[in-house]
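Hi,

Here is the structure I promised to pass on. My notes on it follow below.

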Amino acid sequence: MATFRLQGSKVLAVTMTGDAVKAKNGSMVAYDGQMAFKKMSGGGEGLRGVVTRRLTGEQMEVMEVRGQGTCWFADRASEINLVRLHGDKLWVEASNLLCADAGLRTGTTFTGMRGGATGNGLFTTTVEGTGQAAIMSDGPAVVLRVTPQYPLSVDPGAYIAHQGNLQQHFQSGVTFRTLMGEGGGEAFQIRFEGDGLVYVQPSERNTIGGDV
């Protein structure tokens with residue numbers, strides 16, 4: 001299995017001994033040794049992945065990197081966070097997934113509606129199995145614990161990923177921008193209940209279905 005390590009907070013070094021990883025297309029910045037690069041269709045999920053991602057609008061361009069040596073990955077100076085999976089599943093926004101062990105299964109899952117008034121569905125990339133994955137954030141990510149006693153509400157624009165036994169629901173809510181009169185649409189939040197971890201970033205991406 002490939003060895004993942006961070007060099008600083010914005011560069012991922014992956015050492016391989018004949019094994020392979022899946023990485024965001026174009027994210028390789030350097031390598032030594034012998035490496036082979038192959039673009040994978042449908043986010044590495046084959047024809048089914050191509051069809052699913054076209055239907056959902058989920059964008060995930062992936063390449064397979066295989067060889068002997070070390071390969072370095074980075075993307076637009078984003079902060080990188082390592083996540084280790086032990087037979088469990090990680091839900092992550094496609095644009096935030098940098099690299100994963102080739103043995104981890106990737107897929108696309110429907111996670112809910114963005115509010116009854118908009119009717120927009122939310123599809124998220126899943127990574128499942130045993131191994132490591134590297135996810136990116138705009139600024140240092142914060143990992144928040146959710147327990148049955150303490151559910152968590154998150155701004156969709158700040159959400160990166162989650163793992164564990166969590167249920168998520170979309171709910172209308174009042175945000176700071178709405179209170180200041182800057183909101184122009186339906187405000188909504190993601191509410192997590194159960195037991196697990198949620199990764200959020202200290203900046204907001206643009207979202208569909210309302211100002212958040």
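How much space lies in the second largest pocket? About 310 Å³, where a pocket is an open set of points on a 1 Å grid over the protein atoms alone where a 1.4 Å probe fits, with protein on both sides within 12 Å along at least five of seven lines, and the volume is the space filled by probe spheres set on the points, joined across faces, edges and corners.

Before the rest, please note that this is a predicted model: local features need pLDDT of at least 70, side-chain atom pairs count only at pLDDT 80 or more, and totals for chains, interfaces and linings use all residues. Residues are numbered from 1 along each chain as its sequence is written, and side-chain values use heavy atoms, leaving out hydrogens and water.

The lining of that pocket has 16 residues (an atom within 4 Å of a point), and Asp-75, Arg-76, Ser-78, Ser-95 and Asn-96 lie nearest the centre.

Strand β7 (residues 97-101) has five of its five residues buried, meaning under 20% relative accessible area with a 1.4 Å probe, protein chains only. β7 pairs with β2 (residues 11-24) in the antiparallel sense over three bridges, pairing requiring at least two DSSP bridges. Ala-100 in β7 is the bridge partner of Lys-22.

Best wishes

Methods: Buried means under 20% relative accessible area, exposed over 50%, partly exposed in between (1.4 Å probe, protein chains only). Helices (H or I, at least four residues) and strands (E, at least two) are DSSP runs, numbered from the N terminus.
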